[in-house]
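Here are my comments on this model, as numbered points. Please read them with the coordinates open.

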Amino acid sequence: MKLPLILVNFKAYEQATGESAVSLAKIHEKVAKETGANVCIAVSALDLARVCEVVDIPVFAQHTDFEGYGGHTGHILPDMVKEAGAYGTLLNHAEFQLGDETLEKCIDAAKRAGLFVVACANDPSRAKKIAGFNPDLVAVEPPELIGGELSVSKTEPAIIEKAVDLVGAGKVLVGAGIKDGEDVKIALALGASGVLLASGVVKAEDPYSVLMDLVSGLKS
Ligand code: G3P
């Protein structure tokens, strides 16, 4: 995976599911192509296959379970996600938290299936513990800032520094309230390898312009 990266989580926003997921994914691809930046997206399991068919950027599932093929009604199998064309999976998002045992199994299963794993953590010490389960990257997001106006970069820079210190350079994404290129720039200056965000892009009137601004923050 090319670092640094910008990973936009479409969550279950109406502006980012169904047909809108496809058009929003195409905007991300356009920005990636125009700038050369590594712009990735995490989409609903329901939209994964068709989004993967139409864009050529890394597409993530928002969650995968640990079961293999068989009688597992309703589960999201890493093998099926890989088969649908996904590059990776998010795990343990603040809005979909898992216990340690389950998380470790999900990480192992996703990696066995060939998926790139971004595991989320609410704070730096949890990030350190989760890093021990060997995801490819750990994304640290203070839950109280998620979906709000204040960014982790501008209001909680110490969290970024601490996470990088505990987990190691080249392993940490940060997120929560990220809105613009300045937020990205601060996060990278503090040692992060990219950002994870959602509402700043998904709820924007002009996602293309917001993405171009975010990408400008990747340049040192
Ligand atoms: O997955 C990204 C997320 O939890 C942060 O959301 O809306 O604060 O960028 P947002």
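1. Start with the ligand and histidine 93. An oxygen atom of the ligand lies 2.7 Å from an N or O atom in the side chain of histidine 93. Keep in mind that this is a predicted model.

2. Two further ligand contacts deserve a look. At serine 199, an N or O atom of the side chain is 2.5 Å from an oxygen atom of the ligand.

3. In total, 13 residues surround the ligand. The closest are His93, Gly147, Gly177, Ala198 and Ser199.

4. How many cavities of 30 Å³ or more does the structure hold? The count is 1. The largest cavity has a volume of about 120 Å³. Its lining comprises 16 residues, and Lys11, Ile146, Gly147, Leu197 and Ala198 are the closest to its centre.

5. By class, the lining of the largest cavity splits into 7 nonpolar, 6 polar and 3 charged residues. Gly147 and Ala198 are among the residues closest to the cavity centre, and both are also listed among the closest to the ligand.

6. The largest pocket is a separate item to check. Its volume is about 240 Å³. The lining consists of Asn9, Lys11, Ala12, Thr17, Ser44, Ala45, Gln62, His63, Ile76, His93, Glu95 and Phe96. By class, 4 of these are nonpolar, 6 polar and 2 charged. His93 lines this pocket, and the side chain of histidine 93 also has the 2.7 Å approach to a ligand oxygen.

7. Lysine 11 sits in the loop between strand 1 and helix 1 (19–35). Is lysine 11 buried or exposed? Its relative accessibility is 12%, so it counts as buried. Lys11 lines the largest pocket, and Lys11 is also among the residues closest to the centre of the largest cavity.

8. Alanine 176 belongs to the loop between strand 7 (172–175) and helix 8 (181–189). With 4% relative accessibility, alanine 176 counts as buried.

9. The bond from leucine 3 to proline 4 is cis, with omega near 0°. Proline 4 falls in the segment before strand 1 (5–9).

10. On to the aromatic residues. The count comes to 3 aromatic pairs. One of them joins phenylalanine 60 and phenylalanine 116, edge-to-face, at 6.2 Å centre to centre and 85° between the planes. This pair links distant parts of the chain, with phenylalanine 60 in strand 3 (residues 59–61) and phenylalanine 116 in strand 5 (residues 116–121), 56 residues apart. Phenylalanine 60 is buried because its relative accessibility is 1%. Phenylalanine 116 is also buried, at 14% relative accessible area.

11. Tyrosine 87 and phenylalanine 116 are tilted, 5.8 Å centre to centre with 40° between the planes. Here too the pair links distant parts of the chain: tyrosine 87 lies in the loop between helix 3 (78–83) and strand 4 (88–91), and phenylalanine 116 in strand 5, 29 residues apart.

12. Last, asparagine 122. It is found in the loop between strand 5 and helix 5 (124–131). Its relative accessible area is 24%, so asparagine 122 is partly exposed. Asparagine 122 and glycine 175 are 53 residues apart in sequence. In space, C-alpha to C-alpha, asparagine 122 and glycine 175 are 10.0 Å apart.

Terms used:
Residues are numbered from 1 along each chain as its sequence is written. This is a predicted model: local features need pLDDT of at least 70, side-chain atom pairs count only at pLDDT 80 or more; totals for chains, interfaces and linings use all residues. Side-chain values use heavy atoms; hydrogens and water are left out. On a 1 Å grid over the protein atoms alone, a cavity is a set of points where a 1.4 Å probe fits but cannot get out, and a pocket is an open set with protein on both sides within 12 Å along at least five of seven lines; lining residues have an atom within 4 Å of a point. Grid points are joined across faces, edges and corners, and a volume is the space filled by probe spheres set on the points. Ala, Val, Leu, Ile, Met, Phe, Trp, Tyr, Cys and Pro count as nonpolar, Asp, Glu, Lys and Arg as charged, and the others, Gly among them, as polar. Rings of Phe, Tyr and Trp (its six-membered ring) pair if their centres lie within 6.5 Å; planes under 30 degrees apart count as stacked, over 60 as edge-to-face and the rest as tilted. Helices (H or I, at least four residues) and strands (E, at least two) are DSSP runs, numbered from the N terminus. Buried means under 20% relative accessible area, exposed over 50%, partly exposed in between (1.4 Å probe, protein chains only). A residue is near a molecule or strand if one of its heavy atoms lies within 4 Å of it. A polar contact is a pair of N or O atoms within 3.5 Å; within protein, one must be able to donate a hydrogen and the other to accept it, and residues adjacent in sequence count only if both atoms are side-chain atoms.
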